[in-house]
Each structure stands twice: as structure tokens, then as C-alpha cells.
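Here is a briefing for a first look.

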Amino acid sequence: MGESGSFKALLIEQDEARKVHASLTLLSPAQLDAGEVLIRVRFSSINYKDALAATGAGKIIRRFPCVGGIDLSGEVVESADSRFKTGDAVIATSYDIGVAHHGGYAEYARIPADWVIPLPSGLDLLEAMALGTAGLTAALGIVRMEDNGLAPGNGPVLVTGASGGVGGLAIDMLARLGYEVAALTGKPEEADSLRRIGAADILLRGEIDFDKVRPLEAARWAGAVDNVGGAILHWVLATMRQDGVVASIGNAADFKLATTVFPFILRGVSLLGIDSGYASMPMRQKAWTRLASDLKPRCLKDFVRVIGFDELPGAFAAFIEGRARGRTVVRILD
């Protein structure tokens, strides 16, 4: 902290005209929210949710003012909980962080102990934020699918929204586990990069007429990670193999789903909802342990760019406009 005890933070506020704006400012420790663990934040990341919150493009923030950033990693400075001691390297993601509780876009964060996870062996603080909520979501989807019978020998696995942060990480993770991965993307120019991270087959969204999908189509996929919802998820369900499993993790295209029961009652397909925001701590710890071991992406460093804290306010537009690629990590403190 500075000599006055102040520290830098990106504070999201709403003015009298209900316009949302975010700016770098100085806060004092007394302005932090309640929690048992005070963390010196080293890294955070930018998720689409963070961009929606900071720009007001989505109704994400549940209270104003609020420090943004749903992810953070750093070291414990003070702890009133016996599970954590000064100097411990830790991760905190999702829950109410960055939307109703001051988040990771600050040099210090005070977080409830039940939201904090020790940094697992096999990851450093930067890698943890290169993964962040996106990596946790992908890992939860894969773990849930495997818990429901998915295995590499069952057949190919489809990843929709493959060019996004979650999609790219899911492809890398699945390929590392030995799955044959197909990537569905609306960006033909990303085909080579998707192959580099493990996609064996590239499907272009523009070449599929999602408005003419029958209740059941030719069975293709043993598993699928769906980031987009809507008509694409309907097509995914209609093209699943017998006893296939689908992890629904996003709604980039549409939050509505118009489909039939046929994939479920005639092919035994399972549709699994993945909630990384409030996943139970045992499931969260299981996913992070695997992210530090067999699910750790092989191409993680190639998938990430690191920006400085001062660059953060100008970085959100690329996410809102669909220009962001891979994962963006924010270096909060050196």
C-alpha cells in the first residue's frame, strides 16, 4: 500500500443518469468488503462478464460502487481463518466477487475464507489467472462429462464457440486427455490456431443451416462442450451419439433453447448444466487440482497475453466487440 495506506483499484460506478463507468482510483483498506482473508493481488483476468460489468453493456453489477474483476490470485496478508496463513498463495474466483463484492481489479482484496482456494501445486499465480473462471468452467464441464461416462474411446467430442476463451481451453484440455476434438467456430481465420491447440476437425458455423435441424440428425458426437446455446445447442443435441453427454456452459448466441425430447428418450443423451459461479467447494477443488495436472493446457502460454493494470480500462472494448482472442491476464502488482 502507499504511504497513506491507499491502493489502486478499478472502481465501477453508476451516475445519476444510471450510466455505468469504470475508472482507476485509490481506495483505503477500510473501504474493502468484509471477509476473513486479506489478499495482496498479483494477477487478475478479463472475462466477457468483466467487460459487461465494467462498461454497463450487461446488467452484471448488483451493487454500486464495486471493484470489478471476478478472478484474482495473490498472497495472503492477513487471515482470521485457520485454513490460511500469511504468505499463502491463493486463488479466488466467481461467487459474488466483482459483481456484489469488491473484486480482483485492486492491489488488495478482502475475501470470505469460504471463497478462497490454496494455489494447487503445479500452477503459479500467473497460470492460475491465465485459466481463471474460463479454465475452471471448461474443467468443470469435462469433469462432469467424465463423471457421466465420457471417455476417449467413446468417440469425438465437439466444442462450440471454439474461438473464445472457454472454448479454446476446452479444446486443449480434451486433446491432452486423448480425445478426438472437433471445433465449431464462426471465424474461418481461426482454423489454423484451433488445430494448433488440438482440434482434429474444424466445422464452420456458416456452413450449417441451424434453422432446418430435424429432431434427430446423424449421430456424430460422444460428448460436447457448448458455449453458445440457442439453435446451435439444439443441433448439438440432435447430433449426439447414443448415451452422449453435453455440458452446457454458456449462452453466447441465445439463452433460449427450442428442442425436442427425442435425443433424451431415444438416444439417452444427458444435458449437464455447468455453473462455475456457485459450484460447490469440493467440485471446485477437484477441478483446480486437475487444472494443475492432467487438465493443464499444453498451449497455455501461447493462449495468453498479459497487460499492465493501467491498460485495463482500455481493454474491455475488444471483448464487447468480439475482437478478443484467447485469455487476457492483468498484472496487478509486480
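Axes are lines fitted to C-alpha atoms, for helices over the stretch in contact, and angles run from 0 to 180 degrees between N-to-C directions. Helices (H or I, at least four residues) and strands (E, at least two) are DSSP runs, numbered from the N terminus. This is a predicted model: local features need pLDDT of at least 70, side-chain atom pairs count only at pLDDT 80 or more, and totals for chains, interfaces and linings use all residues. Residues are numbered from 1 along each chain as its sequence is written, and side-chain values use heavy atoms, with hydrogens and water left out.

**Helix packing**

- The axes of α2 and helix α7 (residues 281-291) come within 9 Å and cross at roughly 110°.
- α2 and α7 are therefore roughly perpendicular to each other (angles of 65 to 115 degrees; under 35 is roughly parallel, over 145 roughly antiparallel and the rest oblique).
- Contact means heavy atoms within 4.5 Å. On the α2 side, the residues that meet α7 include Ala128, Leu131, Leu136 and Arg144. On the α7 side, Met283, Ala287 and Trp288 are among them.
- The contact of α2 with α7 divides into 10 nonpolar, two polar and six charged residues. Here Ala, Val, Leu, Ile, Met, Phe, Trp, Tyr, Cys and Pro count as nonpolar, Asp, Glu, Lys and Arg as charged, and the others, Gly among them, as polar.

**Pockets**

- On a 1 Å grid over the protein atoms alone, a pocket is an open set of points with protein on both sides within 12 Å along at least five of seven lines; a cavity is a set where a 1.4 Å probe fits but cannot get out; lining residues have an atom within 4 Å of a point.
- Grid points are joined across faces, edges and corners, and a volume is the space filled by probe spheres set on the points.
- The largest pocket has a volume of about 1,300 Å³. It is lined by 40 residues, and Tyr48, Lys49, Val166, Asn227 and Ala252 are the closest to its centre.
- α1 (48-55), α2 (125-147) and α3 (165-176) each give two or more residues to the lining of the largest pocket. That lining has 15 nonpolar, 19 polar and six charged residues.
- The second largest pocket has a volume of about 280 Å³. Of its 16 lining residues, Ser193, Ile197, Asp302, Phe303 and Arg325 are the closest to its centre.
- α4 (191-196) and β15 (304-308) each give two or more residues to the lining of the second largest pocket. The largest share, three residues, comes from α4.

**Cavity**

- There is one cavity of 30 Å³ or more. The largest cavity has a volume of about 30 Å³.
- Its lining residues include Gly168, Asp172, Ile197 and Phe303. By class, the lining has six nonpolar, one polar and one charged residues.

**Aromatic pairs**

- The whole structure holds six aromatic pairs (rings of Phe, Tyr and Trp, its six-membered ring, with centres within 6.5 Å; planes under 30 degrees apart are stacked, over 60 edge-to-face and the rest tilted).
- The rings of Phe7 and Tyr108 have centres 5.6 Å apart and planes at 65°, so the pair is edge-to-face.
- This pair links distant parts of the chain, 101 residues apart: Phe7 is in strand β1 (residues 7-14) and Tyr108 in strand β7 (residues 108-111).

**Backbone details**

- The peptide bond from Phe64 to Pro65 is cis, with omega near -10°. Pro65 is in the loop between α1 and β4 (66-67).
- Arg18 is not a glycine, yet has a positive phi of about 65°. Arg18 lies in the loop between β1 and β2 (20-27).
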